[in-house]
Amino acid sequence: MISLSRKEIQTKRMWMYFVNATVEIIEKEGIEGVTARKIADRAGYTSSTIYNYFGELSHLIFFASMRFVNDYIQEVPTYMSKGVNYLEKYLLSWECLCKHSFTRPEIYHAVFIANLGGKPQELLDHYYSVYQSDLIGFPDDLKPLILEHNLIKRNQALLEMASKENIVRPENIEEVNDIIILIWEGMITTLLNQRRDYELEEAIEKTMRYINKIASKLL
């Protein structure tokens, strides 16, 4: 186990103060209520202090949003375990993501779609370097997927595993995966902007119907 210096411990502590303050604001006011001044006031520091630890406000919102995504992270292995092959696991992983993301579209938009003004993978890596406990008990074979921020790479890896099982045709993987991600992003944006009055179950059912239809082109 790597021991941290006093300065590193202090930096980590300050980092978590600001993340926790942002989580509290999101819980009470939503992401739209997050401002640097509110975070600083809640954490007990000045607004300028935030930027000693975070490149920009969107990074802090990303880290705080990841605290809410943890419920999905913990449940997705259970969903995927029901699949008898990697194509089924792929589809079940989407069902789990739809369930959680359509409940809190603003959170999942902040994590997977919003402009972060930097490299998302580096932010995700830093998050898990601090919140290592989020992955305790998580299946080792699925960790590389969760630790990959890019949804295209994450989901394509599952389809490539299905190809090795001779379940799907490899020549269609990239196109089908791209279309499915666009379908999910479209529903997230629709729910976020309240462009249609979907109930949660209706949004999940409609999205999964389209995903399954597109996925059939893999066979």
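Where is Asn166 found? Asn166 sits in the loop between helix 9 and helix 10. Helices here are DSSP runs (H or I, at least four residues), numbered from the N terminus.

Ground rules next. This is a predicted model: local features need pLDDT of at least 70, side-chain atom pairs count only at pLDDT 80 or more, and totals for chains, interfaces and linings use all residues. Residues are numbered from 1 along each chain as its sequence is written, and side-chain values use heavy atoms, with hydrogens and water left out.

Back to Asn166. Its phi is positive, about 60 degrees, although Asn166 is not a glycine. At 70% relative accessibility, Asn166 counts as exposed (over 50% relative accessible area; buried is under 20%, with a 1.4 Å probe, protein chains only).

Gln194 is in the loop between helix 10 and helix 11. Gln194 is not a glycine either, yet has a positive phi of about 55 degrees. Gln194 is exposed, with a relative accessible area of 69%.

Now the helix pair. Helix 5 (residues 86-103) and helix 11 (residues 200-215) pack at about 150 degrees, axes 10 Å apart. Axes are lines fitted to C-alpha atoms over the stretch in contact, and angles run from 0 to 180 degrees between N-to-C directions. That makes helix 5 roughly antiparallel to helix 11 (over 145 degrees). Contact means heavy atoms within 4.5 Å. Helix 5 contributes residues including Leu91, Trp94 and Phe102; helix 11 contributes residues including Ile204, Met208 and Ile211. The contact residues divide into 10 nonpolar, three polar and two charged (Ala, Val, Leu, Ile, Met, Phe, Trp, Tyr, Cys and Pro are nonpolar; Asp, Glu, Lys and Arg charged; the others, Gly among them, polar).

Conventions: Helix = DSSP H or I, 4+ residues; strand = E, 2+ residues; numbered from the N terminus. Parallel < 35°, antiparallel > 145°, perpendicular 65-115°, else oblique.
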